Amino acid sequence: MRLSLTINNEKVTLEEEPETSLLELLRKQKLFSVKCGCDQANCGSCAVLLDDEPVLSCMIPCGILRGAQIETLESFSKKAVCQEILKGFEKAGVNLCGWCNPGKIFAAYAVIKRHSNPTREQASETVLDLRECCVESDTLINGIIYAAQIHFEKERLKKNAKQ
């Protein structure tokens with residue numbers, strides 16, 4: 001099947017079987033931030049953004065990706081919001097082991113996108129799927145909340161500077 005999509009802001013056309021997972025496709029493209037941890041949507045090591053929403057790429061078949069926009073940590077890590085997430089994680093003592101980073105970082109991004117002042121409950125709902133994560137849940141939730149505070153404080157300062 002011929003597949004046209006955008007990966008990390010680059011338009012590509014690939015030949016791929018419809019049942020091939022997005023994870024496999026990205027690994028073939030030498031995008032190594034995307035890892036195969038459990039292959040069962042439990043660990044978050046294969047997380048990417050699909051049309052700016054976090055998904056577990058091991059569960060997404062290529063057959064549904066026509067015209068999609070995919071972003072991996074290779075690209076996302078260059079954005080200011082990623083740096084804000086990392087600062088929030090550092091403040092909370094979140095370990096970044098290298099293996100499940102995509103799940104942690106994109107979970108934080110999902111919370112920041114949806115909530116300007118997230119509660120513990122809102123943040124915890126997002127991390128439920130990271131059962132095999134190397135960070136204790138409360139620490140990760142704190143990191144997400146700190147990241148949101150850092151992000152929205154920067155947004156507030158930008159807005160005030162424009163006025």
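Visitor: Where does S45 lie, in terms of helices and strands?

Guide: This is a predicted model, so take each value as computed from it. To place a residue, find the elements on either side. S45 sits in the loop that joins helix 1 (22–28) to strand 3 (47–50).

Visitor: Is S45 buried or exposed?

Guide: Look at the relative accessible area. Under 20% counts as buried. S45 has a relative accessible area of 0%, so S45 is buried.

Visitor: Which residues is S45 in contact with, leaving aside neighbours within four places in sequence?

Guide: S33, V34, K35, C36 and G37 are on the list. W99, C100 and P102 are on it too.

Visitor: Let me step back. How many helices and strands are in the chain?

Guide: Six helices and five strands. The order matters for reading a fold. Along the sequence it runs β-β-α-β-β-β-α-α-α-α-α.

Visitor: How compact is the chain?

Guide: Compare the radius of gyration with the globule rule. The chain has 16 Å, close to the 15 Å given by the rule for 163 residues, so it is as compact as a globular protein of that length. Its C-alpha atoms fill a box of roughly 50 × 40 × 25 Å along the principal axes.

Visitor: What share of the 163 residues counts as buried?

Guide: 47% of them. Take the contacts with a separation of 6 or more: residues 24 or more positions apart account for 58% of them.

Visitor: Now the helix packing. At what angle do helix 4 and helix 6 pack?

Guide: Read the angle together with the distance. Helix 4 (residues 101–114) and helix 6 (residues 137–162) pack at about 50°, and their axes are 9 Å apart. That angle makes helix 4 oblique to helix 6. Their crossing is right-handed.

Visitor: Which residues make the contact between helix 4 and helix 6?

Guide: Helix 4 supplies K104, A107, A108, V111 and I112. Helix 6 supplies L140, I144, A147, A148, H151 and F152. By class, these residues divide into nine nonpolar, one polar and one charged.

Visitor: How do helix 3 and helix 6 cross?

Guide: Helix 3 spans residues 80–92, and its axis comes within 7 Å of that of helix 6, with a crossing at roughly 135°. Helix 3 and helix 6 are therefore oblique to each other. Helix 3 passes helix 6 in a right-handed crossing.

Visitor: Which residues of helix 3 and helix 6 make that contact?

Guide: From helix 3 come V81, E84, I85, K87, G88, F89, K91 and A92. From helix 6 come T139, L140, N142, G143, I144, Y146, A147, I150, H151 and K154. They divide into nine nonpolar, five polar and four charged.

Visitor: Last, the backbone. Which phi value does N8 have?

Guide: Phi of N8 is near 50°, a positive value in a residue other than glycine. N8 is in the loop between strand 1 (2–7) and strand 2 (10–15). With a relative accessible area of 18%, N8 is buried.

Visitor: And what is phi of K30?

Guide: Near 65°, also a positive value in a residue other than glycine. K30 lies in the loop between helix 1 and strand 3.

Visitor: Is K30 buried or exposed?

Guide: The cut-off for exposed is over 50%. K30 has 62% relative accessibility, so K30 counts as exposed.

How values were computed: Residues are numbered from 1 along each chain as its sequence is written. This is a predicted model: local features need pLDDT of at least 70, side-chain atom pairs count only at pLDDT 80 or more; totals for chains, interfaces and linings use all residues. Side-chain values use heavy atoms; hydrogens and water are left out. Axes are lines fitted to C-alpha atoms, for helices over the stretch in contact, and angles run from 0 to 180 degrees between N-to-C directions. Helices (H or I, at least four residues) and strands (E, at least two) are DSSP runs, numbered from the N terminus. Angles under 35 degrees count as roughly parallel, over 145 as roughly antiparallel, 65 to 115 as roughly perpendicular and the rest as oblique. A crossing is left-handed if the near helix is turned anticlockwise from the far one by less than a right angle, and right-handed if clockwise. Contact means heavy atoms within 4.5 Å. Ala, Val, Leu, Ile, Met, Phe, Trp, Tyr, Cys and Pro count as nonpolar, Asp, Glu, Lys and Arg as charged, and the others, Gly among them, as polar. Buried means under 20% relative accessible area, exposed over 50%, partly exposed in between (1.4 Å probe, protein chains only). The radius of gyration is taken over C-alpha atoms; the globule rule is 2.2 Å times the number of residues to the power 0.38.
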